[in-house]
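Hello,

Here is the structure for you to look over. My notes follow below it.

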Amino acid sequence: MTGTKTSHAVTTTAATGPEPGAPALLVDGLSVRFATAGRVVTALLGVDLRLAAGETMVVAGESGSGKSVLAAAVLRNLPGNATASGTVWVRGEELSSLPPAAQRRFRRRHVAYIPQSPATALNPVRRVGSLLMELARARGLTGPAATAALESALGALDLDFHDVARRYPHQLSGGMQQRVLNAVAMVGEPALVIADEPTSGLDPDLVEATAAGLSKLAERGAGLLVITHDLRLARRLGGRLALLYGSHLVESRPTERFFDAPAHPYGRGLLAAMPEHGGVPIPGQPPELTALPEGCPFQPRCPVRIDACDGPMPEPVPVAGDAPAPGWVRCYRHHRGGGDA
Amino acid sequence: MLSAEQVTVRYGRGRQRITAVAGASLALAPGQRLGLTGPSGSGKSTLAQVLALLRAPDGGRVRLDGQVVTGAGLGVPRQLRRRVQLVWQSPRAAVDPRLRLDRVVREPLIAHGEPPEAHSRLLAEVTEAVGLTRELLTRYPHEVSDGQLQRAALARALVLRPQYLICDEPTAMLDVSTQASLLAALADRQQAGGAGILLITHDRVLADHWCDEVRDIRDLSLRAQPGPVRV
Amino acid sequence: MPVGAAVAAGVLAVLVLGALIGPVLRPARVDLDRVYAAPSLAHPMGADGSGRDLLAMVLSAMRVSLVISVLAAAVAVAVGVTIGAVAGILGRWADALTMRFIDFMASQNHFLFAILLVVLFRPVLGGQGAVLLSVGLTHWTTVARIIRSELLSLRTRPFIAAAIGGGAGRWRLFRRHLLPHLAPATITAMILLVPHAIFHESGLSFLGLGLPAHRASLGNMLADSQHAIYAGAWWTVLYPGLVIFALAASVGTLGEWLRDRTQPRWRSELQL
């Protein structure tokens with residue numbers, strides 16, 4: 001009905017362990033639905049993602065687009081009323097094929113999660129040092145190895161481990177708390193780092209501190225998945241940008257290329273809505289996830305819609321001229337015969 | 001004119017005492033769009049609550065069209081309170097989770113004893129202006145997105161036709177398109193009603209783009225450093 | 001619904017149904033030919049010292065005990081909500097005064113206090129009214145504490161300030177914005193009080209301070225069976241005791257389930 005692949009790929013990697021050179025994150029045909037009070041909320045529909053080690057990918061979308069569900073789905077941390085289909089591999093390992101305890105262990109060891117608010121993520125009654133040591137232990141590091149890893153991670157963000165360790169969270173400024181959380185994510189060199197709205201409500205200085213920390217993570221070889229509504233953060237981080245709209249990924253491009261020339265009409269609308277580009281809102285309302293339109297979810301608001309848009313969700317097509325990596329867009333305007341928008 | 005004169009606010013007691021706002025002065029004129037920027041923890045939200053007559057300053061005073069307002073919250077006469085409205089940063093926290101959205105917007109009308117026959121008209125007017133559909137109004141807060149809830153919170157503030165509107169980072173949690181649409185609705189209402197709007201934001205670009213004048217909270221006081229100082 | 005709560009609901013449903021229709025289906029008659037008859041097919045719980053069928057007695061006693069416990073819990077909740085609301089809304093000296101009074105009450109042995117109240121009220125209200133009032137007046141403190149702390153935390157929430165900014169007065173604020181948020185805590189507190197009230201009713205009746213001896217309550221039955229136990233009639237103690245336990249445990253389990261369910265943070269599982 002929507003033209004997305006409904007993938008139930010049988011994986012062989014689970015049995016053989018992580019294959020060398022496996023991507024940090026591979027998502028194939030991920031769909032998530034929630035049953036709430038008689039309604040079905042379709043939060044994600046046929047989402048495909050590929051994130052190599054050392055690569056940065058920003059998933060951007062508006063509130064209510066389903067983007068916050070993505071992190072939970074990748075971490076297999078969805079609430080009980082959710083059903084997910086599709087496959088997620090982290091570092092070549094399919095999490096759903098592992099027993100629950102092994103899943104938790106794998107997640108603690110190989111995946112770092114940077115939460116939204118640093119103030120609530122740090123336990124206020126414990127010294128930072130004890131929190132850090134606990135996290136290091138979860139990543140399989142103890143004793144001198146843990147101290148060394150923490151020293152190196154905090155050092156990379158211009159923090160002195162021994163100075164930070166003896167303080168309580170409230171004795172650190174907001175910027176330092178943020179950097180501590182970023183540093184924590186580095187410890188033990190996790191394969192995948194997921195940051196969910198890491199800059200929500202932060203002032204520009206803190207945003208910059210956060211962005212710098214996140215970039216460091218990618219430099220050290222982690223696959224970095226950032227979920228945000230903040231387009232300026234996306235631009236600052238570079239890498240790759242994926243746009244989520246109405247539960248679908250509609251465009252995935254090298255970030256720089258996106259800001260030069262967004263391919264999807266929704267992407268163009270978002271850029272025009274930025275204050276520096278005039279702050280013109282996209283007319284209409286985002287679709288309800290309980291009543292997604294057939295086919296392209298943006299089509300009812302689209303200023304350049306054509307007759308073909310009544311059809312099923314368009315397949316991804318490559319965007320000409322994208323470098324270094326190819327980008328794609330799901331829009332009939334880019335299909336053969338659709339005419340360039 | 002809504003003005004803060006030498007406003008000082010402190011939190012806590014004794015050794016824990018923190019000065020959140022130190023002698024800040026600021027004036028908002030009818031029809032003006034004034035931007036207020038500054039780093040996190042510099043007292044912007046506290047000053048917003050003082051200007052919205054919800055928190056009494058520890059020093060200095062607030063003047064509303066020449067009249068000095070003493071007290072805060074329930075201590076301020078209803079007729080004064082309605083002239084200044086506040087839009088909060090997080091609609092999740094600022095909207096009663098047990099009320100349906102239409103009730104959220106209608107509540108100030110009931111509290112002020114507006115004639116019931118006028119409610120539906122005022123409600124329809126203001127909710128259309130902020131872009132809320134009739135169907136959305138029948139939902140509870142947990143059934144709508146942040147953007148939709150913030151629209152309802154904005155409608156609640158506008159339904160009383162305030163002379164002054166304090167917006168405390170109203171779009172910090174929202175994507176650019178929702179932000180633009182919310183601010184466009186706000187601009188439209190302002191042109192119709194001539195309210196003075198104080199827009200508090202981290203986003204210097206947004207403030208420059210949307211406001212007639214932008215001030216930094218660090219420049220509002222005569223003393224040098226009004227930021228939070230831990231004693 | 002978890003298994004435990006479902007089982008509790010089933011047990012409670014059977015007990016309540018039995019209490020409602022049991023006395024009609026199985027009236028208790030005095031029959032001196034079967035004094036202290038042991039359990040048999042015709043009389044599955046045996047008979048008591050007047051030869052009355054114990055099952056029939058338990059059913060009607062359960063009805064009396066349940067009604068009194070629910071009413072007593074209601075009294076406790078009414079008093080507790082009122083006092084907690086006064087403390088939580090007026091604050092300052094009213095709050096301090098109330099809290100010290102609650103501390104004083106909590107430091108006393110509340111069963112002794114209940115006995116004192118029964119002795120005081122019995123001449124005026126009769127046995128039933130006295131038990132009701134005494135259990136109610138000794139159990140409101142926990143409710144008052146819960147309500148007060150809920151109110152104190154609610155008052156700091158931005159939506160309360162937003163309502164004030166919208167023009168709400170003190171009364172409107174309480175009725176429209178605070179009271180609805182207290183409902184779940186209040187209902188749960190009341191349900192959790194019911195098993196407690198059952199114990200107290202039984203305890204007071206056992207001591208001969210509760211219901212008049214001719215009204216079969218679970219406590220009265222236990223008191224009567226004191227003598228029967230010497231005669232080897234264990235069933236007169238076992239079955240009323242089991243019923244007290246089953247009632248208290250099933251109501252308690254259901255109340256705890258309800259409490260967890262009405263915590264809003266559990267309810268809004270999905271935040272898009």
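**Notes on the model**

A:S247 counts as buried, because 25 C-beta neighbours lie inside 10 Å. Buried here means 20 or more other C-beta atoms within 10 Å of the residue's own, exposed means 12 or fewer, and partly exposed is in between, with C-beta atoms placed from the backbone. Phi of A:S247 is near 70°, a positive value in a residue other than glycine. A:S247 sits in the loop between β9 (240-245) and β10 (248-254) of chain A. Helices (H or I, at least four residues) and strands (E, at least two) are DSSP runs, numbered from the N terminus.

This is a predicted model: local features need pLDDT of at least 70, side-chain atom pairs count only at pLDDT 80 or more, and totals for chains, interfaces and linings use all residues. Residues are numbered from 1 along each chain as its sequence is written, while chains are lettered from A and ligands numbered from 1 in the order in which they are written.

B:R161 also has a positive phi, near 50°, and is not glycine. Its loop runs between α7 (146-158) and β7 (164-168) of chain B. B:R161 is partly exposed, with 15 other C-beta atoms within 10 Å.

Next, the sheet in chain B. Five strands form an open sheet in the order β6-β7-β8-β3-β9, with parallel pairing. Strands pair if DSSP finds at least two bridges between them. The edge strands are β6 (84-87) and β9 (213-216) of chain B, each pairing on one side only. Twist averages 20° from one strand to the next. Angles run from 0 to 180 degrees between N-to-C directions, and axes are lines fitted to C-alpha atoms, for helices over the stretch in contact. β3 (residues 33-37) and β8 (residues 196-200) of chain B pair in the parallel sense over four bridges. B:L36 stands opposite B:I200 in β8(B).

Now the core. The largest nonpolar core has 171 residues. Such a core is a set of buried Ala, Val, Leu, Ile, Met, Phe, Trp, Tyr and Cys residues joined through C-beta atoms within 7 Å. Among the members that touch the most others are A:L25, A:L225 and B:I166. Leaving aside neighbours within four places in sequence, A:L225 is in contact (C-beta atoms, placed from the backbone, within 7 Å) with A:L25, A:L51, A:M57, A:V59, A:L192 and A:I194. Another core, of 62 residues, lies apart from the largest one and includes C:V58 and C:A114.

Best wishes

Technical notes:
Two residues are in contact if their C-beta atoms, placed from the backbone, lie within 7 Å.
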